[in-house]
Amino acid sequence: MRTMIVGLLAAGLALTAAAAPATQTGAVRDITLPAGTRLQVVLDTSVGSDTSRVEEAVHAHLSRPVVLRGVTILPADSRVSGVVTSATRSGKVKGLAHVAMRFDTVTPRGESERYQIRTLPVGRTAPATKKKDALEVGASAAGGAIIGALVGGEKGALIGGAAGGGAGTAVVLSTRGKEVHVPKGAALTLKLSAPLTVRVSS
C-alpha cells in the first residue's frame, strides 16, 4: 500500500512539472510602439471628394507586419478602421477637390480585441487646372476675334474679342475642376501620432 501511495505522488509531481512550461510559454506582455511608427496599409474602402461624406467609415488592412526589436507586434492583415475627415468637391470658380481620412482603431489578425490608435490624417488634393482654364479662355477669345473680323473693321474686332472672351469665361465657370479619388486597393502609409501599447503573446 505504501509503495502504491509513493508511486501516485511521484506521478502527480511529474504531471505538474510537465504542465509548468506550457503555462510559461503562454505568457502575455505589453509592448509599446512609439509615436512615429509607420503602418503600411491597403484600403478596403474607396473614397472620393464627390462620393464620400465626413464621418463615413473607412477600412483598411496592414500590408506588412509591424515588428519591434524582432518581435511581431501587429501581423500583416490586421484590420485598421477610421473615418473620412474631409470630402470637398471641386468648385466652379475656385477651390480644389480634396479628400482626407484618419484611422483610429486597429484589430490584430486573429484577435477580437480592438486597440484605439492616433494617426496623422492622410489625404489627396486634385491638381490645379489654371493653365487649362487659361487655354480655354484664350481659345474662345481667338474664336471671337475671327467673328469680329467677319463683321469687319476695328469695331468688329473689339466686339468679336469681347464676345469670345465672355464665352470662354462662361465655359470655365460652368465646369467643375477634377475630383480626386483614392480607390480600394490603394497603398497608404499611416504614422502614429501617439504611442500604442499592444498585448503580445510570447
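Mentor: The mean pLDDT of the chain is 76, with 62% of its residues at 70 or more. Confidence is lowest in helix α3 (residues 153-173), where the mean is 46, and highest in strand β4 (residues 57-62), where it is 98. Two stretches call for caution. Residues 133-144 have pLDDT below 50, and beyond near neighbours in sequence this stretch has 16 contacts in the model. Residues 156-174 also fall below 50, and there the corresponding number of contacts is 26. Where pLDDT is low, the predicted coordinates should not be read in detail.

The pairing may now be followed from strand β2 (residues 38-43). Strand β2 pairs with strand β12 (residues 187-191) in the antiparallel sense, over 5 bridges. Within that pairing, V42 has A187 of β12 as its bridge partner. Strand β2 is also joined to β4, again antiparallel, by 3 bridges. Here L43 of the pair stands opposite A60 in β4.

V66 has L74 in β6 as its bridge partner. Strands β5 and β6 form a hairpin, with 2 residues between them. In the turn, R69 has a positive phi of about 50°.

Methods: Residues are numbered from 1 along each chain as its sequence is written. This is a predicted model: local features need pLDDT of at least 70, side-chain atom pairs count only at pLDDT 80 or more; totals for chains, interfaces and linings use all residues. Side-chain values use heavy atoms; hydrogens and water are left out. pLDDT is the predictor's confidence in each residue, from 0 to 100. Helices (H or I, at least four residues) and strands (E, at least two) are DSSP runs, numbered from the N terminus. Contact means heavy atoms within 4.5 Å. Two strands pair if DSSP finds at least two bridges between them.
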